[in-house]
Amino acid sequence: MTAPAPASPRRSPARAPRAPRAPRPVRLGPRSVAALVLVGAVGVMAFGWPLLADSAAGLAHSRDAPWLFAALLPLLVAVVVATIADAGLDAKAVAMLGVLAAVGAALRPLGAGTAGLEPMFFLMVLSGRVLGPGFGFVLGSVTIFASALLTGGVGPWMPFQMLAMGWFTMGAGLLPGWQRLRGRGELVLLAVYGAGASFFYGTVMNLQGWTYLGGLSTGVSFVPGDPVHENLVRFLAYCLATSVGWDLGRAVLTVVLTLTVGPALLKALRRATRRAAFAAPVAFEDVRTDAPQAPGTPDAR
């Protein structure tokens with residue numbers, strides 16, 4: 001009678017390698033939040049003060065634009081410095097910010113604003129999602145500044161465009177689900193945000209240009225000194241009459257590009273931020289040289 005063969009040792013099934021974890025968007029620290037709140041307060045006052053001015057104040061958006069631009073540049077630098085200080089970033093992050101701003105500035109003339117078809121908006125949505133709200137705000141503002149220099153679009157509207165685009169890109173960085181939401185769900189979220197924020201951008205910029213129509217005695221013109229609610233009704237009529245179609249074209253193009261080009265671009269942006277080690281913690285290893293060595297091993301010191 002033969003002895004039974006020994007049972008072969010059971011091998012545990014090989015585990016599939018884990019997918020690399022997506023890098024966390026650049027977090028907002030207390031200094032970053034303070035800088036963004038200050039920029040936001042300046043922007044709200046810059047856009048909205050004509051609604052509170054009396055008829056003798058005059059329409060001064062063309063006059064206050066240089067002052068707003070002069071105040072905006074150091075505030076943008078303050079946001080960058082605060083974000084770097086809070087998140088512990090290095091020159092790689094600033095370099096990536098410059099590259100994305102250059103790409104966005106190059107994309108802007110492609111549509112030339114025809115019927116609102118501006119392809120740079122979808123890039124701002126995806127970049128804000130990956131980089132986070134602080135760097136997203138700076139990216140949007142710097143992109144508008146660079147594109148204005150590239151296309152000759154420098155004028156009293158430029159600092160207002162910088163603020164509006166900064167808010168547009170920052171909002172993408174504030175969207176939830178950066179850790180768990182992936183694939184089609186994330187793209188749908190970004191597309192819906194891009195569509196709504198495209199209308200927001202157009203509406204905010206309308207507020208800047210609408211005040212130039214004061215004194216035209218039309219049903220949609222701005223009347224300095226009138227109650228705020230009456231001017232807001234005229235402003236709504238002005239937006240519906242002049243810019244809804246333009247904003248719709250921008251929103252549709254942003255949605256289409258986000259759903260089609262978005263997966264590849266999101267993957268590329270996240271790979272770039274991972275290689276740049278945006279969120280890599282610095283670890284110090286305690287190497288002890290006085291530990292006892294096994295007999296016969298050479299001295300490594």
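Me: How many salt bridges does the count come to?
Reply: This is a predicted model, where local features need pLDDT of at least 70, side-chain atom pairs count only at pLDDT 80 or more, and totals for chains, interfaces and linings use all residues. Side-chain values use heavy atoms, without hydrogens and water, and residues are numbered from 1 along each chain as its sequence is written. A salt bridge is a side-chain nitrogen of Lys or Arg within 4 Å of a carboxyl oxygen of Asp or Glu. By this rule the count is seven.

Me: How many residues apart in sequence are the parts that Glu 186 and Arg 129 tie together?
Reply: Glu 186 and Arg 129 form a salt bridge, with the closest N and O atoms 2.9 Å apart. Glu 186 lies in helix α7 (residues 184–210) and Arg 129 in helix α4 (residues 120–131). Helices here are DSSP runs (H or I, at least four residues), numbered from the N terminus. The pair therefore ties together parts separated in sequence by 57 residues.

Me: Is Asp 247 buried or exposed?
Reply: Asp 247 meets Arg 250 in a salt bridge (2.8 Å, N to O). The cut-offs are under 20% relative accessible area for buried, over 50% for exposed and in between for partly exposed (1.4 Å probe, protein chains only). At a relative accessible area of 3%, Asp 247 is buried.

Me: Which residues are exposed on the face of α10 turned away from its buried side?
Reply: In α10, Gly 262, Leu 266, Leu 269, Arg 270 and Thr 273 are buried. They share one side of α10 because their arc around the axis, taken from the directions to the C-beta atoms, is only 95°. The face turned away carries the exposed Ala 264, Lys 267 and Arg 275.

Terms used. Helix = DSSP H or I, 4+ residues; strand = E, 2+ residues; numbered from the N terminus.
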